[in-house]
Structure formats: structure tokens, C-alpha cells
Amino acid sequence: MDGSGTDAVFAGSIPEFYDDYLVPLIFEPYAEDLAARLVRLDPARALEIAAGTGVVTRAAARALPEHVELVATDLNQAMLDHARAVGAARPVRWQQADALRLPFADAGFDVVFCQFGAMFFPDKVRAFGEARRVLRPGGTLVFNVWDRIEQNEFADIVTTALAGLYPADPPRFLARTPHGYSDLDAIAEDLARAGFTTAPRCETVAAHSRAASARAVAVAYCQGTPLRTEIEQRPGADLAEATAVCATAITQRFGPGPVDGTIQAHVVTVPGV
């Protein structure tokens, strides 16, 4: 079963599970990292694409001076509605927008940034081209993507456990999409095809993913991402059973009680457009 058509669909209860479980598990450390990079770029106007439930938006709102205009966009209205409801430390312009067709004039932003969204773009060259179009001369694109799934312990364990539960049709969302765009040479080639003439700076950043229990990790991945849709589409074990199997696999690896796994991502900065 090819789930690629639903890989970018974060609807129903997924945004709440995503924000409550997945954000503290894997996204917050990289949100703070990205916000610190934005501060060093000293923008007057910053655009976020694929903002999701707003974890980076909130970090940027705290870190950037109040005079900086912050615009946060996402294709998925359900995720954006959740982000707007949670809010930020200061005013943010929340706007539904497709990264492949940004509704902004040319050369309007000093920085375009994106956390773990590039992997979901169906046409990455076009999305990067749109980011370049809306950047002012001398502006910067900065984004991060997950490294290979083998470098991210919890995601790898969940994927392996589900393959054992559904051997005829393993759910592959995590490997296919979140961890499917980790080749830095391919990313550099896509950026060049999008019109960026300066070679990107790439930094691999390792961090720790911590949760109070193995079940919290299993709920995060199985119920807070489009992996949920893949599980619910398959016959046999239901979502609760699949979540329990993943929790057991994580417990077998890390033991009962709090768990601590490694995560790893690439941060890509493209300066001087």
C-alpha cells in the first residue's frame, strides 16, 4: 500500500497528539537550535513555511526582537488552527499557504526558515525556488531535515516493530518521508536547480529524545503522525494494538520507566541569494 498521497495529511486528532507527544519528544531541541540561528541572521522580516503546530514559531517569537515581523504558514489548515489556538509570546501573522505557491511578493523577506518540512514537499525544487523568490537580495534560507532513520533510534524501532506486526504490508511512512530526504548531495542539487548559486552550509546535529515512558513514544509516532493513517488502513491489528506492540519493543530496548534515545538531523543554511 502506497501511503505517499497521505504523507502530508495531519488532520483529525493528529495535531493534538503531535503537539502533546511528538513536539517535546523530538522537535523542541531543534526548534531552539533553529531559533538561535535566526537571531544570528538578524532579520527584519522572517517567513516560516510548514510551521506545523508552531513549535519553531513560538521559539522564534521568544528569541527574536519584537520589531521583527514574523509570518508563519502551513499548507495544513488543521495544524495551523492548532498553532494559532496555542499562540505565541507576541503577535504572529498566521496564514495558510502552499510552499509550492507562496502568496507573497518577490523579495519580501530577509529569512525563510522551515523545520522538518522540506521532506514533505512533493516538488522540492519548486518549493526551494519559491523560497528564493520571496527572499530579498542577501537573504538566507535555513531549514533542517532528519538524518537517516537508522540514526534516530525510536523511529527505527517503531518502523521495525510495525513491520513485524504487518509483514505483508509494512507501514513505511517514517522511513519513506520524515527520514527519506537525508542525502546532503541530493539536497544541494535540488537547491542549485532551484536557482541558489551559493553552496549550502550543512551541519549534522545530534540530540537526545526523552520521554516518561515507552508508551509515550509509541503514542507520539503511531497516533501523532500520518503513520496513524497507514496503521488504520491495514487489516488485522488495530491502532491500540499497534501502539502497544511499539511500546513493548521500545521497553525491550530501553527498559521500563523513562526512556532516552538518540536523534540526529541536518541543518542546511543557504546564504547570500
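How far apart do the end C-alpha atoms of residues 47-143 lie, and how much of the span is helix and strand? I looked this up and found the ends 12 Å apart, with the span 31% helix and 29% strand. Helices (H or I, at least four residues) and strands (E, at least two) are DSSP runs, numbered from the N terminus. I took the limits of the span from UniProt, where an unreviewed entry lists residues 47-143 for "domain: Methyltransferase type". UniProt positions are given here in the numbering of this entry, feature names are shortened, and annotations may be inferred rather than shown by experiment.

I note that this is a predicted model, in which local features need pLDDT of at least 70 and side-chain atom pairs count only at pLDDT 80 or more, while totals for chains, interfaces and linings use all residues. Residues are numbered from 1 along each chain as its sequence is written, and side-chain values use heavy atoms, with hydrogens and water left out.

**Entry: helix 2**

I checked the burial of helix 2, residues 55-63. Buried means under 20% relative accessible area, exposed over 50%, and partly exposed in between (1.4 Å probe, protein chains only). Seven of the nine residues are buried, so helix 2 is largely enclosed by the rest of the structure. The buried residues are Val55, Val56, Thr57, Arg58, Ala59, Ala60 and Ala61.

**Entry: aspartate 74**

I located aspartate 74 in strand 2, residues 69-74. Aspartate 74 is buried yet has no salt bridge, and the nearest side chain of opposite charge, arginine 84, is 11 Å away. A salt bridge is a side-chain nitrogen of Lys or Arg within 4 Å of a carboxyl oxygen of Asp or Glu. For charge, Lys and Arg count as positive and Asp and Glu as negative; His and the chain ends are not counted.

I then listed what surrounds the side chain of aspartate 74. A polar atom of this side chain lies 2.8 Å from the backbone nitrogen of glycine 52, and the side chain reaches the backbone nitrogen of asparagine 76 at 2.7 Å. Leaving aside neighbours within four places in sequence, aspartate 74 is in contact (heavy atoms within 4.5 Å) with residues including Ala50, Ala51, Met79, Leu80 and Gln95.

**Entry: positive phi**

I looked up two residues other than glycine with positive phi. Aspartate 42 has a phi of about 55° and is placed in the loop between helix 1 (14-41) and strand 1 (45-48). Phenylalanine 116 has a phi near 50° and lies in the loop between strand 4 (109-115) and helix 4 (124-134). Aspartate 42 is exposed, with a relative accessible area of 59%, whereas phenylalanine 116 is buried at 6%.

**Entry: arginine 126**

I found arginine 126 in helix 4, partly exposed with a relative accessible area of 41%. Arginine 126 and arginine 101 are 25 residues apart in sequence and 8.5 Å apart in space, C-alpha to C-alpha. Not counting residues up to four places away in sequence, arginine 126 touches Leu100 and Arg101.

**Entry: cysteines**

How many disulfides does a search of the whole structure find? I recorded zero, a disulfide being a pair of cysteine sulfur atoms within 2.5 Å. The sulfur of cysteine 114 is 15 Å from the closest cysteine sulfur, in cysteine 202, too far for a bond. Cysteine 114 is buried, with a relative accessible area of 2%. For cysteine 246, the closest cysteine sulfur is in cysteine 222 at 3.7 Å, which is also too far for a bond. Cysteine 246 counts as buried at 0% relative accessibility.

Technical notes: A polar contact is a pair of N or O atoms within 3.5 Å; within protein, one must be able to donate a hydrogen and the other to accept it, and residues adjacent in sequence count only if both atoms are side-chain atoms.
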